[in-house]
Amino acid sequence: MTNKISYLDLQAQYNNIRSEVLAALDDICESARFAQGPVTAEFEKAFAAYCGVKHCVSVNSGTSALHLAMRCLDVSPGDEVITVPMTFIATTWAISYTGARPVFIDIDPDRRTMDPTKLEAAISRRTKAILPVHLYGQPADMEPILRIADRHGIPVVEDAAQAHGALYQERRVGQFGAMACFSFYPGKNLGAYGEGGALVTNNDEYAARARTLRDHGQSQRYYHDEIAYNYRMDSFQAAVLNIKLARLEDWNAARSRQARGYSELLSGLPVKLPTHYRDSESVWHCYVIECDQRDEMRSHLMEMGIETGIHYPIPVHLQRAYASLGHRPGDFPISEEFSHRCLSLPIYPELTEEQIRIVAQVVEGAVVRQSVSSN
Ligand SMILES: Cc1ncc(COP(=O)(O)O)c(C=O)c1O
């Protein structure tokens with residue numbers, strides 16, 4: 001039994017920013033500007049600049065951001081939106097909220113994101129948008145996706161919920177699609193102290209429409225232009241995000257070092273490691289290995305005090321919520337196999353080199369145990 005290594009340690013992060021956070025929250029209480037005050041505007045400006053885009057519309061979750069992106073594109077019943085089944089289910093909630101149908105294509109087994117070679121065949125007359133996911137912080141292969149989308153005149157929306165600051169061909173994610181959506185759920189690379197999200201775009205009309213839709217459809221107070229939502233971000237979250245955004249580059253760099261550490265220490269073992277790409281820089285929201293006896297490996301790690309995650313155990317097309325789509329096991333074999341083999345190792349900026357070494361050693365020990373017991 002090693003000392004416990006948790007999957008994520010938000011208390012450790014808080015300890016490093018505590019006095020700044022408490023002062024900022026106190027300022028908001030003193031100002032009594034709790035909803036969408038100046039602090040929210042400040043965060044929007046800073047996050048748009050960070051992403052390298054014109055507009056950031058802050059909202060109350062990544063799910064809301066995705067929903068607004070679908071609404072901005074007028075996605076409606078009868079339409080189809082192409083996405084991947086290996087994602088967090090919120091990606092497809094946003095499609096379903098509009099009454100449209102999610103159409104899945106499988107992932108590339110190495111990049112673990114939308115396989116562009118499968119995209120063209122999935123496009124139909126009804127396709128209203130394409131929604132790739134930058135899963136685990138790894139950007140999807142945007143160049144071929146955008147090329148195909150452009151040829152068909154179909155807008156692309158990036159689900160960047162897990163990829164704040166990730167680079168593809170030296171540009172930050174968020175700049176590639178008509179819009180991109182981020183989550184600031186607490187465990188994300190940039191996480192609020194509650195719920196939060198943002199839609200970013202270079203398009204003035206989408207930004208204006210998203211701002212109206214998040215605020216009861218009013219462009220002027222008490223004049224409501226269309227049926228809309230209360231998706232506003234509260235000022236506490238914006239204050240925390242302002243403080244954390246200033247540290248995001250350092251935190252992402254720490255994750256990157258940790259990922260390299262894992263990849264070096266685990267190379268040569270019979271587990272499949274994530275690929276480090278030349279065309280992109282992942283921000284390592286998750287470090288996900290694939291192993292044959294995943295559940296045994298997970299139990300062994302747990303016995304040794306190491307927490308892991310499974311992202312995700314059931315691909316979206318096989319979730320009960322989507323039974324009405326009529327998918328069967330085997331429809332998206334790469335996602336399905338991946339869901340049985342994936343294991344997320346602890347990764348967060350405060351994790352020490354020594355802890356990375358311990359996790360790698362325990363993984364190695366589990367592999368040796370498994371090979372002995374199967375002989
Ligand atoms: C890929 C992906 N899309 C969408 C979301 C939804 O974000 P939120 O939880 O902020 O609604 C998340 C986060 O949980 C996610 O990981």
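Helices, labelled H or I and at least four residues long, and strands, labelled E and at least two residues long, are DSSP runs numbered from the N terminus. The model described here is predicted.

**The ligand and its surroundings**

- Asp 159 has a polar side-chain atom 2.8 Å from a nitrogen atom of the ligand.
- In the side chain of Gln 162, an N or O atom is 2.8 Å from an oxygen atom of the ligand.
- For Ser 183, the distance from a polar side-chain atom to an oxygen atom of the ligand is 2.7 Å.
- The ligand taken alone exposes 380 Å², of which the protein buries 93%.

**His 285**

- The loop between strand E12 (280–281) and strand E13 (287–290) holds His 285.
- His 285 counts as buried because its relative accessibility is 12%, and the cut-off for buried is under 20%.
- Apart from neighbours within four places in sequence, the residues in contact with His 285 are Tyr 136, Gly 137, Gln 162, Gly 187, Lys 188, Asn 189, Arg 255 and Ile 347.
- Gln 162, one of these contacts, also has the side-chain N or O atom that lies 2.8 Å from a ligand oxygen atom.

**Backbone features**

- Most residues other than glycine have a negative phi, and most peptide bonds are trans.
- Tyr 136 has a positive phi, near 65°, and is placed in the loop between strand E4 (127–130) and helix H6 (142–152).
- With a relative accessibility of 3%, Tyr 136 counts as buried.
- His 216 has a positive phi, near 60°, and belongs to the loop between helix H7 (204–214) and strand E10 (218–220).
- The relative accessible area of His 216 is 32%, so this residue is partly exposed.
- A cis peptide bond, with omega near 15°, runs from His 311 to Tyr 312.
- Tyr 312 is found in the loop between helix H10 (294–303) and helix H11 (333–341).

Conventions:
Residues numbered from 1 in each chain as written. Predicted model: local features only at pLDDT ≥ 70, side-chain atom pairs only at ≥ 80, totals over all residues. Heavy atoms only, no water. Buried < 20%, exposed > 50% of the residue type's maximum accessible area, 1.4 Å probe, protein only. Contact = heavy atoms within 4.5 Å. Polar contact = N/O pair within 3.5 Å; in protein donor to acceptor, adjacent residues only side chain to side chain. Areas by Shrake-Rupley, 256 points an atom, 1.4 Å probe, with all protein chains shown as cover.
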